[in-house]
Amino acid sequence: MFRRREPVPFAFIAEADKFRSNVAPPPRRRASVRERAGQWLIGLTVVAGLAGSLILGMPALSLDQSPQQQSQASQNR
């Protein structure tokens, strides 16, 4: 509705970016051995799943099909 006509000094805006609080955040809680083991187990499961799918999927991705397989399939029709 009404626009403010007050000028905002540029120095104030520049100082706002540099402002640091003197209040420190609380220290991070360290993960227990059980939590770390769980994280490692989840990571290992994901990596093993990706590697397994790559190993099992490689024959389907290969382009080298021998002509004998194709001719045998066409003869059985």
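These notes go through the predicted model point by point.

1. Ground rules. The model is predicted, with local features needing pLDDT of at least 70, side-chain atom pairs counting only at pLDDT 80 or more, and totals for chains, interfaces and linings using all residues. Residues are numbered from 1 along each chain as its sequence is written, and side-chain values use heavy atoms, leaving out hydrogens and water.

2. Confidence. The mean pLDDT (the predictor's confidence in each residue, from 0 to 100) of the chain is 77, and 56% of the residues reach 70 or more. Where pLDDT is low, the predicted coordinates should not be read in detail.

3. Elements. The chain has three helices and zero strands, in the order α-α-α from the N terminus. Helices (H or I, at least four residues) and strands (E, at least two) are DSSP runs, numbered from the N terminus.

4. Helix H2. This helix has 29 residues and reaches 41 Å from its first C-alpha to its last, close to the 42 Å expected (1.5 Å times one less than its number of residues). H2 bends by about 25° at Ile55; the bend is the angle between axes fitted to the seven residues ending there and the seven starting there. A proline, Pro59, follows within four residues.

5. Of the 77 residues of the chain, 0% count as buried (buried is under 20% relative accessible area, exposed over 50%, partly exposed in between, with a 1.4 Å probe and protein chains only). The number of buried residues in H2 is zero, so this helix lies largely in the open. The accessible surface of the chain is about 8600 Å², with 62% belonging to carbon and sulfur atoms; areas come from the Shrake-Rupley method with a 1.4 Å probe, and for residues only the protein chains shown count as cover.

6. A nonpolar patch. Ile42, Val46 and Leu50 make a nonpolar surface patch of about 310 Å². Patch residues have over 30% relative accessible area and no salt bridge; nonpolar side chains (Val, Leu, Ile, Met, Phe, Trp, Tyr) are joined within 5 Å, like charges within 9 Å. Ile42 is in helix H2 (residues 33-61) and counts as exposed because its relative accessibility is 57%.

7. The salt bridge. The count is one salt bridge (a side-chain nitrogen of Lys or Arg within 4 Å of a carboxyl oxygen of Asp or Glu). Arg29 and Glu35 form it through their side chains, at 3.5 Å, N to O. Side chains of opposite charge can pair when their charged atoms come close. Arg29 is exposed, at 67% relative accessibility, and Glu35 is partly exposed, at 34%.
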